[in-house]
Amino acid sequence: MSKTTNKFSPEVRARAVRMILDHEGDYPSRWSAVVSVADKIGCAPQTLHEGVKNDLLP
């Protein structure tokens with residue numbers, strides 16, 4: 001069994017991804033937007049970045 005748990009609901013994760021995609025133009029890079037949003041919601045930037053990448057895949 002995995003020791004990791006999803007701390008955030010699917011709705012919160014989806015909103016965080018939308019925030020990044022909607023506001024990445026306000027930052028010098030997508031990574032900067034990811035770091036900013038991750039800090040606001042209290043998660044690791046790498047985790048949120050994976051969510052963004054997965055959301056963009058078909």
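Predicted model: local features only at pLDDT ≥ 70, side-chain atom pairs only at ≥ 80, totals over all residues.
**A question to start**

In which hand, left or right, does α2 pass α3 in their crossing? Residues are numbered from 1 along each chain as its sequence is written, and side-chain values use heavy atoms, leaving out hydrogens and water.

**The overall layout**

The chain has three helices and zero strands, and its elements run α-α-α from the N terminus on. Helices here are DSSP runs (H or I, at least four residues), strands are E runs of at least two, and both are numbered from the N terminus.

Of the chain's 58 residues, 21% count as buried. Buried means under 20% relative accessible area, with exposed over 50% and partly exposed in between, using a 1.4 Å probe and protein chains only.

**The nonpolar core**

In soluble globular proteins, nonpolar side chains tend to be buried together. The largest nonpolar core here has 11 residues, among them F8, V17, I20, V37 and V52. Such a core is a set of buried Ala, Val, Leu, Ile, Met, Phe, Trp, Tyr and Cys residues joined through side-chain atoms within 4.5 Å. Two or more core residues come from each of α1 (10-23), α2 (30-41) and α3 (45-56), and α2 gives the largest share, four residues.

**How α2 meets α3**

Now for our opening question: α2 passes α3 in a right-handed crossing. A crossing is right-handed if the near helix is turned clockwise from the far one by less than a right angle, and left-handed if anticlockwise. The axes of these two helices come within 9 Å and cross at roughly 120°. Axes are lines fitted to C-alpha atoms, for helices over the stretch in contact, and angles run from 0 to 180 degrees between N-to-C directions. α2 and α3 are therefore oblique to each other; angles under 35 degrees count as roughly parallel, over 145 as roughly antiparallel, 65 to 115 as roughly perpendicular and the rest as oblique.

**How α1 meets α3**

α1 and α3 pack at an angle of about 80°, with their axes 9 Å apart. That makes α1 roughly perpendicular to α3. A16, V17, I20 and L21 in α1 meet L48, G51, V52, D55 and L56 in α3.

Take V17 as a close-up: leaving aside neighbours within four places in sequence, V17 is in contact (heavy atoms within 4.5 Å) with G51, V52 and D55.
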